[in-house]
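Me: I want to learn to read a structure piece by piece. Please show it, and then I will ask.

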Amino acid sequence: MSEYIPFNLIESYKKEDPIQLDITLCKPDYNRTPLQVLSTAYKKELSKRFGSVDEMKFQVPRTIDGTANEDYDLIKGDLVLLVEFDGQKQYFIVTECAESVDKKVIHKNVVAYSYEFIFSNKLIRGWNEGQQPLSYIMNYVISLFPSWQLGITEPDLMTIERTMDVAEQTVLEFLIDIQKKYLCIFEFDTINRTIDIRKLENIGKNKGFVISERNYARSIDITPNFQEVVTRLRCYGKDNLSINGLNPTGQPYLETYEYFQDGFKRVSDGSEGWQIIGHSDYMSDGLCMALLDYQVVINNNSSTLSTKIDELATLQEELDRLLYASESSDKGLEVLKTELNGIQLQIDALIRSGASDLSSLKSKETELLNKINTKQTQVDNQQALVEAKDKEILDLKELMKVENNLTEDQIKELDMFTREKTWSDSAYVDVNDLYEEGQKLLLKMAQPAIQFSVDVINFLKCLDRSEDWEYVTTGLGDVITIESDNLNASFEARLVEYTFSETSNTLTMNFSNKGSFDDPSVYLKDLLKESISTSTTLSMEKTKYGKYSEERTEFIDFIEGRLDLSKKRAFAGVDQEVVIDERGILLTDTSDIDRQVKLIGDLIAFTNDGWNTSGTAISSEGVVGEAIYGKVLAGANLTIENTSGTFEVDQNGVTIHGANLTITNGLPTSELSGENLLMDNASYNGVKINSTDGITVRTNDADITGTIKTSLNASEGIKIQYHNGSGWLDRFKVDSSTGDLIAHNMQLKGGQVINSSGKAVIDLDNGVLNWDELTIDGKIKATEIEDLVVGDNVTMGANATISWNKITSKPSINNYSDSDAINAIESTYIDGSSVWTIDVYAQNIQGNYITGKTVRTSSSGKRIEMTSGNDIEFYSETGNLAGMIDYDIGGAGTEEEEAKRIFLRTNSGYALKLESAEGLSIESKSGSIWLQAPTGTAYINGSKILTTASGSGVKGGSSTFVGNGGERTIAHGLGSSPTAVSAMPKANPNGYLGEVWIRYDSTNIYVGNTGSYTGALVWMAS
């Protein structure tokens, strides 16, 4: 077996030498036979991931200088790559090989995953082996891939048992799930095809490297997510396993409110009381105090409860032994009963066969009956012990119920802070493991999820801080500390991924919370933003200097190279104004440490972003800068021009050779002063002048909906356009050839306004309006207009209406408040909301309300009246009151109580009778409810249901249970054997009722129960 040296680009990256990744294409056979070195691969990028599959990307051109590239045709999917660097090796499998064209260059985009990706080629289906140690599961996995074997493992890790239930998934997915269930990490040696297994908690070191505002951090942002705070966690394992039996509160959930109690503090007042010295920002002092006292109750009784639960389990085990033991010397009760049944079946068989000698079997039967009686006594005694212990546990749990420790108002307040989630994991089959893991998980979830980002400088290339190198993370899984003095916060973060790009020589590192290896994790998403960018290339495209010549190109290359060198070297001490050493002089603005000046030899370099870039430099060759402020004299010795030579500024002025002049936004705000100045990247009017479009004024946005464009040129005149998302639409135009003014759907020609149909709407020369083309919406106002009189020159149409609010000089009437006043009205008045009159005659009256003292269906004779006394009265043909529906009969009680009652009564008193055509009726009389049918009559009187037929009806009453297998004899009084009998306890027997049976004859019913309950019962027979 060859020595396996894992990739560690971070250590190599600290060196000055550039990193070169060599790739060899291999066959996918067992020996992975080399085919060819891919020397033409470029844009190579390697990503190493903690606990996941690594990735390699690169491109291969189809041709090189017009000649076909042999590498291009050789590489294809499923082939193997050997990636090497400085003695380090790793195999990959090609998974993607897509062809694409970029600026007329055809190339293949190759994506490869580390060699353990081969585990995705096989499936695991229907895995349900129950709870198994890790060693068992991994031996099964290795059996599926004979070319692989287990490497270094941790013995105590391999004995941990979990449950893995899989319907169907790839072996690679199965392995990833194993990492999460067992909290371990698989390290794949792709050279020797071995798998090392390590505990997550044993991976990674914190060497003491700290990132803070004091050294490499430009900014630290911390964002808590308060919506993810959980105070109540329901815990379930395999087959809905719950913790309620183990939980001191007896609930299937765990609770903690520490986050909302934060800030509350109390100290003893010296006399068995408390003095409050701190207050919570959320909870009241009373609730905080009650929760702390409640926790004391839980803590004081938890161990006792745990002991009693263990004692109950021991008692239950003994009870099970007394019932089901199969040892010949001490058989259980149920086993003895089974043997007795067998003996009795033999006796019955011999009796049927006519045998006369049964003495032997009878002797065995007697012996078994004696054993059963003795064992039954033992079982009863043990059952009593079990029940007594169970009651002790129930009493303790009752003591620890929240409703017995908090007041009703405190429980209501606590409800405001109850935030519940459910955690379910079928890997847990033991309630103790489930309870323990649930407690750990709740402690994490009971705090706000923290998301923070840290923007750091390029510390890996910061040679002036080399004293920190020994503390810097060296590999995947290592841990660093992030501190913020301003935010008073500190976090540990684990390196979970880094990506190296050979082309740009950049290394980017991503960190997650310390307890995570795949970062879907819950409570600390600590990814570093732009964490470590090590590019040392200075972009010079924005600045052009001097004449475009070979000398100028060499000069720019020289300056760029010197600036690049200055960036590498221009780092020194922290929080100091001036540092002078063998590397030069560093000047730092202590109020803004990103702004620095470095003096090196004949070079002065400036930065305003902490040396991410060096935007300005002065050397013996000249000045290089992205922006120049002040006066620049373009004279005989200075000419400014663009790369194409179409724009030139010299001592003669500005010359544009067939190019565009575009005026867009001004300088960035940071480079401007004063008000009313243009801001960079904002939408303002821009001006463009060229020979094709003339002068165009528009926003700087692209052609998007809502953009406005105005153009002026000799061929089209003046035009204003609107972009609707698909193209430009003319909204206003002046035709330069005719002089016509054309607006959207309107044209002004001569003295006429012409609509979209080409018809003149307004003729200004003749003072004419074309009313056929006009629709008036609103009012027409004029100084002289004829009065409009309804019935004279205004005709009311079939659907015309008159609004009261539009009537002037409204008639004034009295405000009548009762029906007597209305009856005195001699005429009819109509105001804005009412009609005042004596009688209203109509076929139908519709409205929200009809209000009056009495509403009747007829003025006399047979009728229905609704009166102000809240009655509905029914009158006979002779006009006499026959009955009524009345919700208020003058009884005692408030108006609200009386409104809840409705009475049906006749004119002779209170009564109720409902009768059908078939002779069935329900009637109240003589203090009873009578049920009348053609076959007989029954009535309800008090608590009895009686019938007029002798010896029939429904009987009922109350009694008590005897308990412990006894029967209660109750006379039913029906005179014959009932057809239906029922009996039930009056109160909750709390599980002590046992089984209940009922038997009966023509005189009595007999009620019995197997439990110890002797409380009251109610019975009914019919």
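Me: In strand 46, which residue is the bridge partner of D763?

Reply: The model is predicted, so local features need pLDDT of at least 70 and side-chain atom pairs 80 or more, while totals for chains, interfaces and linings use all residues. Residues count from 1 along each chain as its sequence is written, and side-chain values use heavy atoms, without hydrogens or water. Strand 45 and strand 46 (residues 768-769) run antiparallel, joined by two bridges. In strand 46, D763 has as its partner V768.

Me: Which residue in the turn between strand 45 and strand 46 has a positive phi?

Reply: Strands are DSSP runs of E with at least two residues, helices are runs of H or I with at least four, and both are numbered from the N terminus. These two strands form a hairpin with four residues between them. The turn residue with a positive phi, about 65°, is G767.

Me: How many bridges join strand 44 to strand 45?

Reply: Strands count as paired if DSSP finds at least two bridges between them. Strand 44 (residues 752-755) and strand 45 (residues 760-763) run antiparallel, and I754 stands opposite A760. They form a hairpin, and G758 in its turn has a positive phi of about 85°. The number of bridges is three.

Me: In what order do the three strands of the open sheet lie?

Reply: Strand 61 (967-971) and strand 63 (996-1000) are the edges, each pairing on one side only. Five bridges join strand 61 to strand 64 (residues 1004-1009), and five link strand 63 with strand 64. The pairing is antiparallel, and the order is 61-64-63.

Me: Which residue of strand 64 stands opposite V996?

Reply: Strand 63 and strand 64 form a hairpin with three residues between them. On the other pairing of strand 64, E967 stands opposite G1008. Opposite V996 is N1009.

Me: Are helix 7 and helix 10 roughly parallel or roughly perpendicular?

Reply: Axes are lines fitted to C-alpha atoms over the stretch in contact, and angles between N-to-C directions run from 0 to 180 degrees. The axes of helix 7 (residues 285-324) and helix 10 (residues 408-415) come within 10 Å and cross at roughly 100°. Angles of 65 to 115 degrees count as roughly perpendicular, and those under 35 as roughly parallel. The two helices are therefore roughly perpendicular.

Me: Which residues of helix 8 make the contact with helix 7?

Reply: Helix 7 and helix 8 (residues 333-353) pack at about 10°, with axes 3 Å apart, so they are roughly parallel. Contact means heavy atoms within 4.5 Å. Helix 7 brings L322, L323 and Y324, and helix 8 brings L333, E334 and V335.

Me: What is the volume of the largest cavity?

Reply: A cavity is a set of points on a 1 Å grid where a 1.4 Å probe fits but cannot get out. Its volume is the space filled by probe spheres set on points joined across faces, edges and corners. The whole structure has two cavities of 30 Å³ or more. The largest has a volume of about 70 Å³.

Me: Which helix gives the most to the lining of the largest cavity?

Reply: Lining residues have an atom within 4 Å of a cavity point. Among them are E116, L172, F186 and F188. Two elements give two or more residues, helix 5 (171-182) and strand 13 (184-189). With four residues, the top giver is helix 5.

Notes
On a 1 Å grid over the protein atoms alone, a cavity is a set of points where a 1.4 Å probe fits but cannot get out, and a pocket is an open set with protein on both sides within 12 Å along at least five of seven lines; lining residues have an atom within 4 Å of a point. Angles under 35 degrees count as roughly parallel, over 145 as roughly antiparallel, 65 to 115 as roughly perpendicular and the rest as oblique.
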